[in-house]
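Please look through the sequence and the model shown here before reading my comments. I have written them as numbered points, so that each can be checked against the picture.

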Amino acid sequence: MIDIPHGLAAAQEKYNGTAGRAFIARLPDLAADFLDRWELRLDGRPMHGVSALVLPVVRRTDDTPAALKLQLLDEESRGEPIALRAWNGDGAVRLLRHDEPTGTMLLDRLDPTRMLSQLPDAREAVLIIARLLAHLTATPAPPGLRRLGDIARTMLDDTPPALTRVPDPESRRLLTDCAAALREVAADPGDRLLHWDLHYENVLAADRAPWLAIDPKPLAGDPGFELLPALSNRFDPAEIRPRFDAMTDVLALDRARARAWTLGRVLQNCLWEIEDGRPLQPEQLEIARRLRNPGDQPRTSRVTTTREVRDQRWTSVTK
């Protein structure tokens, strides 16, 4: 019998309601089915995030350690196996098996006791995130993923009615500026494979690599849309610009373009809060406030296109 963590049940109740309760109710049978079907035995206590139960297991056929991930399928999680196959363990956890109807996955075992969030030096942690992102986003997005261009258009359509529900004038101005920045780049959304949620607890140590990414919610789009989690997690207002500049340097991003996509990501988070009737998060507003005015000299004085960025990278490599 699998013990379902209370935190997972509470999160499913909060975010998915009836569907979440049904998922939790069938989890014990689902876990038992895959333990039997894939010839696995339990090898530790269950782990969980907001949306998935992860069971440490060992394959009975060869004693290989692995992790069985059971999750409620939604538009974010459906793309996870597509991304993991594309990366094939290079910079990310490796997909060993996948059951498409349920979204259940067997993954190689990383070390959940060693998260990047535990690294004392926050600046070094940011650089590790940036190096992983540079590596992962070098992969072209395969077919079948959500596309950033579609998401951006939806956000821009949703912003005017959402602003009427924001009582604070300064917050409305910030979100209006975020939408304006997003509008500058929305027509050229990029085509790289994005993780979308690479924060410090989604990077684990492993025997085969110092750090590997887990739990992607992949998109096809511009790498500039990847930066916000590393700014808002381990939040420090004084570090917003240094982190942003360090990541754009490591990823060789056009800074004005990355700024626009990051403000678009802030807008996305704020639109979700407004839709759910929750107050806007002060950390998100502060990030928008500090990035809205570029301040020091940006790498370029205008927003460049994705093609121009690629040409700049190619020139720097061939010199």
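1. Some ground rules come first. This is a predicted model, in which local features need pLDDT of at least 70 and side-chain atom pairs count only at pLDDT 80 or more, while totals for chains, interfaces and linings use all residues. Residues are numbered from 1 along each chain as its sequence is written, and side-chain values use heavy atoms, with hydrogens and water left out.

2. Side chains of opposite charge can pair when their charged atoms come close. A search of the whole structure finds 26 salt bridges, a salt bridge being a side-chain nitrogen of Lys or Arg within 4 Å of a carboxyl oxygen of Asp or Glu. One of them joins Lys69 to Asp215, with the closest N and O atoms 2.8 Å apart. This pair links distant parts of the chain, since Lys69 belongs to strand S4 (residues 65–71) and Asp215 to the loop between strand S11 (212–213) and strand S12 (219–221), 146 residues apart. Helices (H or I, at least four residues) and strands (E, at least two) are DSSP runs, numbered from the N terminus.

3. Is Lys69 buried or exposed? Lys69 counts as buried because its relative accessibility is 5%, where buried means under 20% relative accessible area, exposed over 50% and partly exposed in between (1.4 Å probe, protein chains only).

4. Asp108 and Arg208 form another salt bridge, at 2.8 Å from N to O. Asp108 lies in strand S6 (residues 104–108) and Arg208 in the loop between strand S10 (203–205) and S11, so this pair ties together parts that are 100 residues apart in sequence. Asp108 counts as buried at 13% relative accessibility, whereas Arg208, at 36%, counts as partly exposed. Salt bridges that share partners also join Lys69, Glu80, Asp215 and Lys217 into one network.

5. Strands S7, S10 and S11 form, in that order, an open sheet of three strands with antiparallel pairing; two strands pair if DSSP finds at least two bridges between them. Strand S7 (111–115) and S11 stand at the edges with a single partner strand each, so one side of each is left without a neighbour in the sheet. S7 and S10 pair in the antiparallel sense over two bridges, and Met115 stands opposite Leu204 in S10.

6. Ser77 sits in the loop between S4 and helix H2 (80–87), and this serine counts as buried at 3% relative accessibility. Its side chain reaches the backbone oxygen of Leu72 at 3.3 Å. If neighbours within four places in sequence are left aside, Ser77 is in contact (heavy atoms within 4.5 Å) with Gln71, Leu72 and Lys217.

7. Helix H5 (residues 169–185) has 17 residues and reaches 25 Å from its first C-alpha to its last, close to the 24 Å expected at 1.5 Å a residue; the expected span is 1.5 Å times one less than the number of residues. Among the buried residues of H5 are Leu174, Leu175, Cys178 and Leu182. Seen down the axis of H5, its buried residues fall within an arc of 160° (taken from the directions from the helix axis to the C-beta atoms), so they line one face of the helix. On the other side of H5, Arg173, Arg183 and Glu184 are exposed. The buried residues of H5 pack against helix H4 (148–163), helix H8 (255–275) and helix H9 (282–292).

Methods. Polar contact = N/O pair within 3.5 Å; in protein donor to acceptor, adjacent residues only side chain to side chain.
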